[in-house]
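This briefing covers the pockets of the structure shown below and the surroundings of its ligands. Please read it with the sequence and the model side by side.

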Amino acid sequence: MTILLGSIADDYTGASDLANTLTKNGLSTVQTVGIPDPSLTLPDVDAVVVSLKIRSVSAQEAVAAAGTAEHWLRGRGAMHVLYKICSTFDSTDQGNIGPVTEALAELAGGSTVLVTPAFPETGRTVYLGHLFVNGQPLDESPLKDHPLNPMHDANLVRVMARQSRGAIGLIDLPAVAAGPDAVRARLDALRAEGASAVIADAVFERDLEILGEVALDAPVSTGASGLGLGLARALVRSGRVPSKVSTTADAIRPVGGYAAIIAGSCSSATLRQLAIAEQAMPVLRLDPERLLTAAPDEISAALSWAGERMKAGPVIIAASTTPEAVSDLQSRYGREISGRAIEAATSAIAAELVARGVRRLIVAGGETSGATVDRLGIPAFLIGPEIAPGVPVLRTIGNSQGEMLMALKSGNFGGDDFFATALAMMR
Ligand SMILES: Nc1ncnc2c1ncn2[C@@H]1O[C@H](COP(=O)(O)OP(=O)(O)OP(=O)(O)O)[C@@H](O)[C@H]1O
Ligand SMILES: O=C(O)[C@@H](O)C(=O)CO
């Protein structure tokens with residue numbers, strides 16, 4: 001297998017979001033979970049997205065894991081590696097976007113890296129280095145209440161500088177709108193001033209097409225699905241994409257079995273989606289405190305609740321709750337401890353449901369999805385059709401339970417009726 005584009009994603013939902021964007025924009029793509037075992041047969045594709053779970057680990061651990069993935073991707077021919085981060089730049093001041101970006105650039109021989117989390121299709125735009133989420137500055141958006149990495153600064157030049165060794169520059173919208181050569185000139189100037197990375201503004205897809213073209217001049221870029229769109233379209237325009245057989249049709253063959261939804265995201269979008277779904281299907285609201293203090297009992301109660309119900313139709317099991325309830329729990333048990341304990345419990349529930357015959361599984365939340373996919377031991381996914389921007393139907397490859405259809409929904413993605421729409425596409 002020789003690939004054109006490689007990507008390292010900092011979480012699993014983000015990886016499926018990017019794989020969806022690359023597929024839609026002309027690159028056949030698979031998503032792997034970590035570096036696949038050499039015995040796993042992957043289809044011949046244009047792009048591979050390696051999913052890692054490094055968004056909220058230490059920078060040292062993230063740099064090491066990303067370096068190993070980079071080596072694997074380059075070994076399979078990847079000319080360009082995109083470090084896929086969250087479109088809401090989820091990270092802390094000690095976070096990983098700066099360190100991993102700088103490390104990947106060093107591994108590739110040193111270059112100034114273009115960085116943009118813009119993804120206009122889902123309302124993420126960057127102007128004068130400031131990130132807007134559906135028109136609200138990042139620090140006024142629901143991301144200010146994120147359970148693991150609350151975002152309190154919309155100025156990404158500042159945010160990334162706090163995490164980086166080198167200086168961070170800005171390529172503003174007028175330069176981007178002026179086209180690839182203007183961006184190249186600005187990038188050269190910032191490189192001469194010593195910038196290790198530059199935040200690039202982007203408001204429309206045409207801005208991302210320009211940035212994608214320029215990014216391909218270098219071996220590394222950092223961004224969300226919007227930059228993926230730009231890179232994919234630039235590769236297709238350049239005539240470098242051979243026509244390979246599409247794997248999408250394969251990805252949606254029905255699998256049967258029971259259907260379940262596990263939600264650990266506490267984002268406002270997921271809370272709305274749960275409230276709407278509750279009108280049409282059974283929803284179990286887990287007791288978050290008991291998941292910390294009496295997990296085995298709460299897990300077996302959830303499994304008994306699901307037992308007969310899932311034979312009649314899809315069921316939802318959710319730990320999700322309001323920002324107030326999340327901070328109350330965190331103030332008593334700690335942020336990290338509560339998050340990890342709840343992920344362990346929701347993934348244990350998901351795995352047991354699969355053992356009891358669930359073959360169609362939707363998971364809401366990046367960390368929650370990561371814990372669940374790891375627990376199920378799924379090595380890779382084929383990419384099916386899009387359910388909502390950023391969320392495709394996935395078909396598992398190489399897992400011991402047999403083929404399953406899954407959707408890994410980023411917390412903030414999807415319309416109000418996301419769960420019903422997804423279930424209708426997963427048969
Ligand atoms: N009731 C709760 N109280 C405190 N923490 C919770 C609760 N329910 C879930 N959590 C934790 O909140 C975190 C949610 O993160 P997750 O990444 O799954 O969702 P998200 O951040 O909305 O999604 P994304 O990363 O895709 O944007 C997880 O660590 C989860 O265990
Ligand atoms: O970019 C996004 O917003 C998503 O793909 C994601 O990474 C959320 O976890």
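About 810 Å³ of space lies in the largest pocket of this predicted model, where a pocket is an open set of points on a 1 Å grid over the protein atoms alone at which a 1.4 Å probe fits, with protein on both sides within 12 Å along at least five of seven lines. A volume is the space filled by probe spheres set on the points, which are joined across faces, edges and corners. Because the model is predicted, local features need pLDDT of at least 70 and side-chain atom pairs count only at pLDDT 80 or more, while totals for chains, interfaces and linings use all residues, and side-chain values use heavy atoms, without hydrogens or water. Residues are numbered from 1 along each chain as its sequence is written, with chains lettered from A and ligands numbered from 1 in the order in which they are written.

**Largest pocket**
- The lining, meaning residues with an atom within 4 Å of a point, has 48 members, and His146, Pro147, Gly264, Ser265 and Cys266 lie nearest the centre of the pocket.
- Two or more lining residues come from each of helix 1 (12-24), helix 10 (268-277), helix 11 (288-293), helix 13 (323-333), helix 14 (335-355) and helix 15 (366-376), helices being DSSP runs of H or I with at least four residues, numbered from the N terminus.
- Helix 13 provides the largest share of this lining, with 7 residues.
- By class, the lining has 15 nonpolar, 21 polar and 12 charged residues; Ala, Val, Leu, Ile, Met, Phe, Trp, Tyr, Cys and Pro count as nonpolar, Asp, Glu, Lys and Arg as charged, and the others, Gly among them, as polar.

**Second largest pocket**
- This pocket holds about 220 Å³ of space, and of its 15 lining residues Arg124, Asn134, Ala269, Arg272 and Asn412 are the closest to its centre.
- Helix 10 gives the most to this lining, with 3 residues.

**Ligand 1**
- Ligand 1 is surrounded by 23 residues, the closest being His146, Ser265, Glu343, Glu367 and Thr368, where a residue counts if one of its heavy atoms lies within 4 Å.
- Among the polar contacts (pairs of N or O atoms within 3.5 Å), a polar side-chain atom of Glu343 lies 2.6 Å from an oxygen atom of ligand 1, and a polar backbone atom of Glu367 lies 2.7 Å from an oxygen atom of this ligand.
- The protein covers 98% of the 640 Å² of accessible area that ligand 1 has on its own, by the Shrake-Rupley method with a 1.4 Å probe.

**Ligand 2**
- The residues around ligand 2 include Asp11, Arg55, Lys84, Ser87 and Phe413.
- An oxygen atom of ligand 2 is 2.5 Å from an N or O atom in the side chain of Ser87, and the corresponding distance for Arg55 is 2.7 Å.
- Taken alone, ligand 2 exposes 270 Å², of which the protein buries 95%.

**Confidence**
- The chain averages a pLDDT of 95, and 98% of the residues score at least 70, on the predictor's scale of confidence in each residue from 0 to 100.

Methods: Polar contact = N/O pair within 3.5 Å; in protein donor to acceptor, adjacent residues only side chain to side chain.
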